[in-house]
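Keep the structure open as you read.

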Amino acid sequence: MRDYDEVTDFLGDWGPFQRLIFALLSVSIFPNGFCGLSIVFVGDVPDHRCSIPANLNLSEAWMNRTIPLVPGDDPHYSKCSRYRLDVIVNLSETFPDPDLVNMSGVEQEPCLDGWEYSREQYISTIVSEWDLVCKNDWKGPFSMSVFFLGVLIGTFIAGQLSDRFGRKAVWFGTMAIQTGFTMIQVFSPNWEIFCLLNFFVGIGQISNYVAAFVIGSEVLGKSVRVIYSTLGVCISYAIGYMLLPLIAYFIRSWRMLLFTLSLPGLLYIPLWWFVPESPRWLLFKGRIREAEAIIQHIAKKNGITPPAVLFMPLEEMKSKSEITHTIIHLVKTSNIRAITMINFLIWMILSIEYYGLSLNTPNLNGDAYLNCFFSAAIEVPAYTTAWLLLQRFTRRFCLSGALFLGGSVLFFIQLVPSNLSVLTTTLVMVGKFVITSAFSMVYVYTAELYPTVVRNMGVGVSTMASRLGSIISPYFVYFGSYNEFLPFILMGGLTILSAILVFFLPETINSPLLETIDQMQNIK
């Protein structure tokens, strides 16, 4: 069988049809950017304090003294305890002026009447609606972990389904799951139902991203493939991410915010009639006539006359397609097993860094909406830089260099003096810039490492590894409540480790996409 790229070379790389597919697939990624990270605002923790019943008939002075002051470098009122109200009532009857009382000896109690939440920034979040604070503060990061657990399961299932039933069907199916369950999530009556629905939203979220990535990689020519993987798909994700703080700024209620973010998913239904199935996948399923029909349609749209015969006889192709490939083939030989394991670790670590930094934006100094916007906006030059580097340097050099630089920046944030908070925020953004570039590069690199027969499965398993990292990442942010530098130390060290692992992978620059496992290069 001749190489697919050789057979379809007559189509050109950048005709009208390729431009249309490039644009449609890229635009379909917008919802992934704002839905995937909506928890930054949906699950943010407003300022809060214990609720004090109004029927106690306390004076304003005594009402202001019911909450203990927590001493330290940054004194603040306690968020999880109050003075015993029966004692406060007795004291108020004896001492009209609370300044006459030494409050240090007054016994404290938890917030038995719930909490009062500041409405300065939000009308409501899932935290304020279901009291996910104090002893229930673990439920906030757990909500995000459940989402990424869904992404993990969805990626695992979608990767195998798309290799068996087609890229296009899985792409649309997972987009429908993401849009539909986000809409249903708006009506969640409690936190448990919200988490359950968040799991199903996760199943569809990144799965359609991967499916769109693979369709573009297999339909577009090799000269456009890198541009699509970096500038096309990734910048579309970044634009969606940038829209999130803009929409959240004007919609401060978490239910209305989720509903608004789900609506764009309905606009992509017409894409079914414009985006074709991958001809590469059809060929390996022995469906030559369908593949030829799509290629002839592309030629017609580009104003090109196709050759009379494109591929070998149907019988010979069918004999090749009878070999079915499962996830076992990703670990069947020592070579592909080593590549899969290294990819698994690199993707998992990258995801911990990316989502750890993204979810941490509300904890940085300054306006939460601006910080989120800057964190998103910095991805556009990051993806552009990734594309430029991949044009000039080898895949291993680009990826390992980006990981080493990003890890070093994060690791040494702990050395910045506490009074230079602006410098800390700047270094975090530099780390986000480099890690985002690396994430873009690893998609391109992974797609080139695996052959067509297991490519979607290989990218799917790699993405599954990144979801494991995503599940862990909210707790990296949570570590910051114990030591503000601990998340950066852990993330920086892991990133430097992943930079070393990249050097063991084979180089793929200027190589045609592999078709079979036998064609794979040996690991170093």
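Where is the place of Asp131? Look in the loop between α7 (126–130) and α8 (139–165); helices here are DSSP runs of H or I, at least four residues long, and strands are runs of E, at least two long, numbered from the N terminus. A quick word on the ground rules: this is a predicted model, so local features need pLDDT of at least 70 and side-chain atom pairs count only at pLDDT 80 or more, while totals for chains, interfaces and linings use all residues. Residues are numbered from 1 along each chain as its sequence is written, and side-chain values use heavy atoms, with hydrogens and water left out.

Back to that loop. Most residues other than glycine have a negative phi. Asp131, though not a glycine, has a positive phi of about 55°. Cys134 lies in the loop between α7 and α8 too, and its phi is near 55°, again positive in a residue other than glycine.

How far can you trust the rest? The mean pLDDT of the protein chain is 82, with 91% of its residues at 70 or more; pLDDT is the predictor's confidence in each residue, from 0 to 100. Confidence is highest in helix α12 (residues 254–262), at a mean of 93, and lowest in helix α15 (residues 314–321), at 44. Over residues 314–322 pLDDT stays under 50, and the model has 12 contacts for them beyond four places in sequence (a contact means heavy atoms within 4.5 Å).

Now for the inside. A search of the whole structure finds 9 cavities of 30 Å³ or more. A cavity is a set of points, on a 1 Å grid over the protein atoms alone, where a 1.4 Å probe fits but cannot get out; lining residues have an atom within 4 Å of a point. Points are joined across faces, edges and corners, and a volume is the space filled by probe spheres set on them.

The largest cavity has a volume of about 140 Å³. Its lining includes Tyr209, Tyr237, Tyr354 and Arg467, and α20 gives the most, with 4 residues. The second largest cavity has a volume of about 110 Å³. Of the 13 residues that line the second largest cavity, Cys35, Ser38, Gln185, Asn198 and Leu258 are the closest to its centre. Here α10 gives the most, with 3 residues.

Conventions:
On a 1 Å grid over the protein atoms alone, a cavity is a set of points where a 1.4 Å probe fits but cannot get out, and a pocket is an open set with protein on both sides within 12 Å along at least five of seven lines; lining residues have an atom within 4 Å of a point.
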